[in-house]
Amino acid sequence: MDKGKAVMGTGRRWAVDFSDQSTVPSSRDILDPPGFSRASPEQDDSATSRQKKDAEANWKLQKAWEVAQSPFKNLMMMGFMMWMAGNTVHLFSIGITFSALWQPISALQSVGKIFEPFKDNKVELLMPKLLFLALNLGGLALGIWKLNTLGLLPTHASDWVSSLPPPQEVEHSGGGFVFH
Amino acid sequence: MAMAIRFTLLLLLFLSSAIVSFSLYEDQVGLMDWHQRYIGKVKHAVFHTQKTGRKRVIVSTEENVVASLDLRHGEIFWRHVLGTNDAIDGVDIALGKYVITLSSEGSALRAWNLPDGQMVWETSLHGAQHSKSLLSVPTNLKVDKAYPILVFGGGYLHAVSAIDGEVLWKKDFTAEGFEVQRVLQPPGSSIIYVLGFVNSSEAVVYQIDSKSGEVVAQKNMAFPAGFSGEISSVSSDKVVVLDSTRSILVTIGFLDGDISFQKTSISDLVEDSGKAEILSPLLSNMLAVKVNKRTIFVRVGGEGKLEVVDSLSDETAMSDSLPVADDQVAFASVHHEGSKIHLMVKLVDDLDTVLLRESIQMDQHRGRVHKVFINNYIRTDRSNGFRALIVMEDHSLLLLQQGAIVWSREEGLASVTDVTTAELPVEKDGVSVAKVEHTLFDWLKGHMLKLKGTLLLASPEDVAAIQEMRMKSSGRNKLTRDHNGFRKLFIALTRAGKLFALHTGDGRIVWSMLLNSPSKSETCERPSGISLYQWQVPHHHAMDENPSVLVVGRCGSDSSAPGVLSFVDVYTGKEISSSDMGHSVVQVMPLPFTDSTEQRLHLIADTNGHVHLYPKTSEALSIFQHEFQNVYWYTVEADEGIIRGHAMKSSCSSETADEYCFTTRELWTVVFPSESEKVISTLTRKPNEVVHTQAKVNTDQDLLYKYVSRNLLFVATVSPKGAGEIGSATPEESTLVVYLIDTITGRILHRLSHQGCQGPVHAVFSENWVVYHYFNLRAHKYEVTVVEIYDQSRAENKNVWKLVLGKHNLTAPISSYSRPEVFTKSQSYFFAQSVKTIAVTSTAKGITSKQLLIGTIGDQILALDKRFVDPRRTLNPSQAEKEEGIIPLTDSLPIIPQSYITHSLKVEGLRGIVTAPAKLESTTHVFAYGVDLFYTRLAPSKTYDSLTDDFSYALLLITIVALVAAIYITWVLSEKKELSEKWR
């Protein structure tokens with residue numbers, strides 16, 4: 001691995017940078033194609049730029065809502081899978097249940113990352129986030145409920161009593177038939 | 001292609017091993033189990049060495065076994081165990097090819113083929129009354145091609161053809177009350193002389209024609225003083241008997257049918273006379289009499305004159321006389337001297353001629369010589385050689401020849417009376433695993449062999465090597481403790497009063513010890529062992545101490561005889577100490593307390609209703625006095641039908657100075673009406689049983705609390721009419737009632753009556769359930785009933801939050817005086833087999849599910865899951881119940897042939913099954929004893945906590961290596977590919 005890297009890294013003698021950032025057509029050998037304008041967005045007038053920004057914000061919000069609602073589909077899917085899996089403990093039902101638990105948890109952990117692309121000063125992301133959270137919590141609850149129906153949660157008296165040893169006895173007695 | 005085939009094979013193998021199997025494979029027999037065959041203490045022995053070929057000895061024993069033993073090695077050629085009520089009275093060889101046995105007080109006569117032991121014929125002779133029985137096989141009596149055997153039993157004299165067992169004739173003596181003592185047949189005559197006594201005061205001689213059974217002549221003569229004891233026939237026309245005072249020897253001559261008496265007072269023969277006893281050896285023209293602990297030889301002269309020819313010390317055992325060459329008759333005598341025994345063979349006519357004199361070193365723990373049987377053979381130099389079969393006090397059987405013990409058999413183990421377990425010593429430092437496993441190379445080679453076996457590539461030699469390796473593997477015969485607790489000692493107490501320590505690995509005897517009386521008094525030199533207890537089981541803070549067992553014995557057979565205690569070190573087999581108790585023993589109660597050296601406290605009750613505390617130390621006393629109010633005991637008086645409960649009252653220092661003695665007071669009695677109920681069986685839980693949980697969880701998470709108490713007594717009673725054998729009562733007459741009685745308060749917790757049923761009842765009590773086996777007279781079938789007992793008073797403890805927070809009283813100590821409310825669930829099933837004993841598996845923590853171990857009438861042991869005797873079984877269990885493992889209810893319990901843990905073996909004369917936990921929770925030791933011994937390890941729920949012995953570590957290793965190699969290769973390949981991609 002190191003050897004390969006060394007070849008790639010230190011052995012480089014020359015390089016061509018294909019990303020030409022220059023905007024001046026004269027600096028280039030080739031002319032721009034007809035109808036192509038190199039004009040930068042900053043060069044647009046403020047009105048069109050605001051309009052564009054609003055549209056983008058709207059689009060972002062819309063996307064954020066979409067993302068926020070996406071666990072619902074997942075939830076329905078999970079519900080269907082759970083119903084299919086039945087209430088007995090076996091490999092399939094355990095797998096379904098644990099994935100149903102794991103998905104919401106991982107989603108909740110990465111909630112900031114998921115909404116990262118839609119981050120904007122103008123976009124109110126709180127509501128989509130809340131919806132996303134609520135739906136995922138719903139999924140989690142569904143998973144836990146499933147876990148309980150499988151009997152894997154200690155919610156019954158029997159789960160707590162089974163580990164208790166039998167009580168000591170105060171009195172001791174012995175005897176039986178007389179030896180003959 | 002070959003690779004593909006191999007892969008398929010591997011896959012198939014993997015799939016087949018995934019299927020759970022109940023039984024073991026043929027090649028697994030003997031890996032975990034062992035079986036030892038015994039015959040018991042020998043009563044009679046008949047040598048069969050005339051013909052060339054295999055030399056053998058036919059023996060009959062006190063365990064009702066008739067067997068043919070190899071004289072060279074002592075192995076059993078064949079063996080038949082007759083029933084427990086079928087005691088053998090006589091054994092002989094007829095026609096040189098049949099072994100004739102007479103048993104059941106002279107009512108069963110059987111002929112067995114000498115070479116292979118197959119039964120040739122069997123004749124049952126019906127007697128009218130009880131009498132002693134007698135078997136006589138005349139050597140040269142022939143009646144119309146038939147060779148009659150003369151049998152007396154039940155008041156009849158039968159002549160039975162030796163060829164086919166047909167009764168030739170029979171003579172009824174029941175009317176006269178005539179008891180045949182001797183049947184004599186003068187050579188060359190068809191007349192047989194039958195000598196007997198009527199009412200022990202009249203001698204009668206019948207002359208009977210052997211062809212027809214007609215009485216030719218009869219002579220009788222009264223002897224008012226009366227006869228007693230053994231009779232000794234000294235010649236073909238003379239017998240000697242003692243009179244009722246045991247001080248006069250009476251010589252009875254019946255030459256030509258005339259009876260003559262000749263009395264000789266013993267005081268005339270020896271100076272210090274006392275009560276005499278005629279010893280059993282048959283010597284010609286001589287008899288052996290035991291007087292005043294000396295054995296005297298009395299020669300019977302021609303006219304019935306008696307003269308003393310020799311006298312020996314008491315500790316002499318003698319054989320019957322044996323004809324040797326030149327019309328001479330010899331006999332053997334064996335006596336002790338220090339640690340040696342002296343065997344002498346002398347001529348009867350001339351006691352000074354010693355044909356053979358041998359001294360043999362003898363193990364002290366074999367005790368005295370009880371019986372001697374001799375046999376002669378012709379040496380290469382044409383002189384007489386002798387071999388002697390001796391029976392020792394510990395019931396062992398030895399063959400002596402040319403001054404050495406040729407072979408020995410530990411026949412004491414055929415009569416085991418009590419068994420306990422003991423741990424082996426901890427492995428010392430310095431013995432590393434490497435030494436056990438030889439070298440790494442050997443280890444690898446072994447596993448490669450195993451792998452070959454797994455892949456079906458092994459050659460027959462390899463298979464043999466694998467078997468041998470398996471036998472040796474895991475050091476199963478080592479004398480140290482192992483991690484899994486598979487190596488243990490079973491300590492067995494035998495009827496002869498000998499202790500044996502048997503290794504669980506291969507069943508060998510690690511040590512043996514004959515109990516000695518500490519006082520060595522005359523009445524009690526050898527106490528009889530009653531029972532065996534674990535005295536000291538060091539595990540926590542007394543690791544330096546060796547564990548020891550307590551043997552409680554008694555001097556004499558009477559229940560008021562003084563008791564003897566003996567403490568035996570388990571590691572060494574040496575007696576640490578022994579003591580006379582100075583009081584009788586009627587009951588021994590191990591208490592649940594131990595002192596600082598882990599010695600368990602024991603209470604021993606005597607006939608006066610006092611209890612004595614052991615060990616007699618002040619520490620034990622203080623522990624006991626602390627728990628004084630909480631110790632109770634109960635007695636079951638089966639004959640009176642009373643169960644009594646007692647509590648401790650006070651120290652009995654007012655009567656004796658013994659501060660370890662306590663008086664008791666009677667608290668309660670349970671009286672069964674004697675006209676309707678008779679106690680036939682009682683049972684409690686094993687005191688050392690471990691119960692894991694007090695809760696029983698039902699399908700719908702419902703909770704039942706088990707009533708787990710050590711103070712519960714299961715009692716079975718039956719109507720007096722039904723107390724006999726099965727079928728002796730009609731269904732209307734017999735009722736079986738079972739009780740569960742609290743032994744602290746005498747409260748009857750449960751009573752269940754079975755109409756039309758009778759015993760014998762075989763039961764097993766574990767945790768909160770009892771399973772018992774009895775006979776249903778109406779259905780003509782055996783039945784098994786299970787009773788489970790639950791605690792109703794704790795049923796309210798169902799609030800989860802209270803349990804989570806620990807606000808419950810479920811672990812608080814409970815008292816029987818709180819009168820817990822109980823309810824029971826029970827269910828009955830038919831069972832196809834008659835049962836001898838039932839036991840239950842026991843594991844270290846009580847988590848593993850249980851199996852019932854049923855000793856069947858065929859002397860095999862059947863393992864039956866407790867799930868089959870579950871009162872929750874219903875005809876149509878719900879889905880959830882099925883998932884829980886509840887089996888649909890059937891009217892009878894299944895007998896699955898694969899679940900016989902004895903597989904193809906039989907534990908002849910099975911009497912008991914003992915289970916003990918291994919350290920590994922899944923595993924339990926099972927030891928069954930009868931005439932035979934059998935041991936195996938069981939895992940009732942499979943070995944879920946360990947890999948099986950035949951797990952292929954090599955396969956695992958190879959797989960791992962292959963995987964690592966594959967990972968490396970694929971990584972290298974992927975690197976190369978990546979590089980080439982980048983260069984493209």
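**Figure 1. Where chain B meets chain A.** In this predicted model, chain B and chain A bury about 3,700 Å² between them, and 63% of that is on carbon and sulfur atoms. Chain B puts 56 residues into the contact, while chain A puts in 29 residues. On the chain B side, Asn630(B), Gln701(B) and Ile814(B) lose the most area to chain A, together 13% of what that side buries.

**Figure 2. What joins the two chains, and which parts of chain B take part.** Look for salt bridges between chain B and chain A and you'll count 0. Polar contacts are another story: 19 residue pairs make them, both partners at pLDDT 80 or more. Several elements of chain B give two or more residues to the side that touches chain A, including β39 (528–536), β43 (587–594), α7 (800–804) and α9. The largest share of that side, 6 residues, comes from β46(B).

Figure 3. You'll find Asp33(B) in the loop between α1 (2–18) and β1 (34–36) of chain B. Asp33(B) counts as buried because its relative accessible area is 5%, and the cut-off for buried is under 20%. Its side chain makes a polar contact of 2.5 Å with the side chain of His903(B). Leaving out residues up to four places away in sequence, Asp33(B) also touches Gln28(B), Phe934(B), Tyr935(B) and Thr936(B).

**Figure 4. A nonpolar patch on the surface of chain B.** Leu947(B), Tyr953(B), Leu956(B), Ile960(B) and Val964(B) make up this patch, with about 460 Å² of accessible area together. Zoom in on Ile960(B), and you're in helix α9 (residues 953–983) of chain B. Ile960(B) is partly exposed, at 45% relative accessibility.

Methods
Residues numbered from 1 in each chain as written. Chains lettered and ligands numbered in written order. Predicted model: local features only at pLDDT ≥ 70, side-chain atom pairs only at ≥ 80, totals over all residues. Heavy atoms only, no water. Helix = DSSP H or I, 4+ residues; strand = E, 2+ residues; numbered from the N terminus. Buried < 20%, exposed > 50% of the residue type's maximum accessible area, 1.4 Å probe, protein only. Polar contact = N/O pair within 3.5 Å; in protein donor to acceptor, adjacent residues only side chain to side chain. Contact = heavy atoms within 4.5 Å. Patch = residues over 30% accessible without salt bridge, like charges linked within 9 Å, V, L, I, M, F, W, Y side chains within 5 Å. Areas by Shrake-Rupley, 256 points an atom, 1.4 Å probe, with all protein chains shown as cover. Salt bridge = Lys/Arg side-chain N within 4 Å of Asp/Glu carboxyl O. Buried area = accessible area lost by both parts, 1.4 Å probe.
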